[in-house]
Amino acid sequence: MSPIAKLLTCAVLLSLLKVNAQDTQGILIPKVTDQNSCQPCRDAFKSKPRDVHFNITNDNKDDLYFEITDPRWLKQLFTSPKDGFIIDIVDRERYTCNTDSLAETVYGLRGTTTPFVMGKKLITTLNKTANGRYSAKVATIPKSLKGKALEFNIYFVRQNFFCYYSRTYNLKSHRMNLLDPGLYLDALTYASDFKKPNTEDGFNLKNKTLKFVIPFKKNKATYSKEDIAPLYDSLQLTKFDIKKIKIKAYASVEGSTARNATLQKSRANSIIKALQNFQKPTLVNEVESQENWVEFYNDIAATSYADLTTLNKQQIKAKLQGNTSKALEKYLKNHRKAVVELELEKKDPYKDLTANALIDLFAKEVAASNVTKANSIHNVLVERLKNNSLSPDRITELTVPDSKPFLDITIKNTSIPHLLDIRNGMIVYEDLLALDKKYPRHKKIKYNIIATKFVIWRNKWAEVDPVRFKLEIKNLKNYGVSSVLIKRLLVNYNIIQSQNFLNKGDYKNKDLCIEEINNTYKHVNLKGREHLNLAQFFVSYSRTDLAYNVLDKIVRTITVDEDVLFYYLNLTIVKSELTKTKAYRTIMLNALAQNKSRFCNLFNQYKKNGGVTFQLLEDAYLRATYCENCVN
């Protein structure tokens with residue numbers, strides 16, 4: 001090499017070193033011989049309680065604050081004057097789809113760094129905030145980045161070495177509301193609404209849901225009488241009115257998207273028209289439609305056509321021509337269908353009677369000691385109450401004999417105010433205790449006492465001995481309460497206890513409660529959105545592993561609830577080992593089909609409805625998926 005060439009090479013190296021020093025402020029990545037320098041930092045993170053959370057916040061005045069839930073842990077992390085951190089300010093523009101590759105990083109830094117923050121000094125400047133956290137100003141956003149979409153990562157430093165990189169990540173969580181235990185009226189009844197029957201739990205309620213799958217032939221919007229016959233038969237054999245129709249119409253993926261959309265709409269409308277013949281007025285309906293990419297990917301995964309899953313949608317549609325489409329027809333024919341869900345409510349045999357007339361009739365049957373008839377009329381009054389067509393006072397003020405034959409009606413009247421408003425819980429609890437003294441060992445009374453006691457305990461309206469209360473819950477089996485319901489109550493018990501232990505800083509017993517919830521909920525019939533609520537509860541205690549398990553089995557179907565599906569994505573989309581798999585691609589395409597805008601917003605934590613972080617776009621596969629589907 002000539003002297004001039006050597007000089008130029010040295011100049012380039014010096015220039016690069018200068019850039020790195022500017023970006024990294026002279027802080028270094030430890031070499032093999034320096035690894036022990038970072039070990040105390042790594043140990044501090046391993047020992048960090050799950051419930052200690054920290055992040056960088058922006059006060060909207062371009063000042064950045066370090067925020068933490070429990071500052072005591074920082075004393076383990078920062079032990080010398082050279083310990084601290086720098087903030088890596090990442091600009092959304094780094095991830096534009098207009099470039100083929102991302103700019104290279106320096107030591108993993110993705111943006112602009114702030115001046116070094118000394119850890120020991122930080123500890124002395126933290127102040128408790130209104131939300132119970134501790135906060136201190138640590139930096140200011142540079143003028144060149146003001147007004148831009150930014151995220152803030154933290155690179156922790158020990159003895160002048162970069163040791164631990166913490167990335168921005170937004171995941172919704174909350175301390176869980178209790179599972180609705182319900183109260184026994186005639187049967188177990190929930191505050192939210194009546195639910196479908198479940199004989200294992202003893203549910204035998206006045207509303208139910210029917211679900212049917214109706215297949216369609218290729219390019220057809222009509223169905224055969226044989227396919228719709230089970231639905232007709234069920235409606236004719238039961239004494240229910242259709243309250244609401246929910247239809248999810250699916251088209252197989254071959255053919256144009258526009259043509260498929262037309263087919264989906266026509267299929268849904270044909271079903272609504274047929275069902276409308278059963279009753280007046282016009283039925284309330286809710287219709288969703290999409291191409292059935294989920295089952296397509298699931299079905300071809302183990303076939304010789306599995307390589308199609310590596311292509312984008314338009315490429316697959318192009319391939320599904322001629323012989324390929326014919327070869328896959330045995331799968332595609334099963335993808336053309338509509339999933340119909342009917343919400344039904346029992347017919348009112350007294351619908352022509354006013355409330356006053358019905359109450360007079362109830363009084364007449366009571367006077368005649370016709371318990372069965374009086375109970376039937378009382379149930380109709382409860383139905384009208386649930387439909388907001390009757391004032392609660394009209395039921396609770398009914399005259400009911402204080403005798404054993406009318407005890408079931410008395411239990412209902414006593415319990416209903418709690419279902420309407422939990423603030424009535426203390427009064428209802430005391431009234432139930434009075435009934436319990438007169439009629440001991442009665443299943444409904446015993447259960448309702450426990451159910452109302454949970455509200456009293458959680459709201460601290462009275463002292464509750466946790467050890468004794470747990471025994472009372474378990475003793476319900478002696479009164480005929482099913483083990484499934486008792487396990488449901490034990491989940492609630494541990495939800496409250498986990499918060500109590502956390503408030504005391506007793507992390508060990510708090511963790512034991514979380515494990516108890518995890519072991520118990522699997523034996524409980526979770527309903528509605530309780531899977532989602534439970535997952536968010538686990539996340540609030542930093543147990544994303546448990547949250548993942550709650551949702552994993554229910555996100556792989558085309559009928560999965562949208563909120564459940566997207567929360568699952570929030571949980572897992574940061575796991576690169578998952579996002580590259582074909583199974584995960586199926587889940588993402590399901591999300592795109594259900595709500596494209598919401599999927600795209602996953603890559604921006606500042607968007608409403610479940611944003612995570614735009615730094616997901618560091619992943620080449622996710623970036624390709626985003627740029628293909630979310631950028632016009």
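**Close-up 1. The disulfide of Cys600 and Cys630 in the predicted model.** The torsion about this S-S bond is about -85°, so the disulfide is left-handed, and the two sulfur atoms lie 2.0 Å apart. Cys600 belongs to helix α25 (residues 596-601) and Cys630 to helix α26, so that the pair links distant parts of the chain, 30 residues apart. Cys600 is buried, with a relative accessible area of 12%, and Cys630, at 17%, also counts as buried.

**Close-up 2. The disulfide of Cys97 and Cys627.** The sulfur atoms are 2.0 Å apart, and the link is left-handed, with -85° about the S-S bond. Because Cys97 lies in the loop between β3 (84-91) and β4 (112-113) while Cys627 lies in helix α26 (residues 620-630), the pair ties together parts that are 530 residues apart in sequence. Cys97 counts as partly exposed at 26% relative accessibility, as does Cys627 at 22%.

**Close-up 3. The disulfide of Cys38 and Cys163, with Cys41.** Cys38 and Cys163, both buried, have their sulfur atoms 1.9 Å apart, and a torsion of about -80° about the S-S bond makes the disulfide left-handed. The closest cysteine sulfur to that of Cys41 is in Cys163, at 4.8 Å, which is too far for a bond; Cys41 is buried, with a relative accessible area of 1%.

Close-up 4. The buried residues, Trp293, Val294, Glu295, Phe296, Tyr297 and Ile300, pack against β14 (285-291), α8 (313-319), α10 (329-332), β15 (337-346) and α24 (582-594).

Methods:
Residues are numbered from 1 along each chain as its sequence is written. This is a predicted model: local features need pLDDT of at least 70, side-chain atom pairs count only at pLDDT 80 or more; totals for chains, interfaces and linings use all residues. Side-chain values use heavy atoms; hydrogens and water are left out. Buried means under 20% relative accessible area, exposed over 50%, partly exposed in between (1.4 Å probe, protein chains only). Helices (H or I, at least four residues) and strands (E, at least two) are DSSP runs, numbered from the N terminus. Contact means heavy atoms within 4.5 Å. A disulfide is a pair of cysteine sulfur atoms within 2.5 Å.
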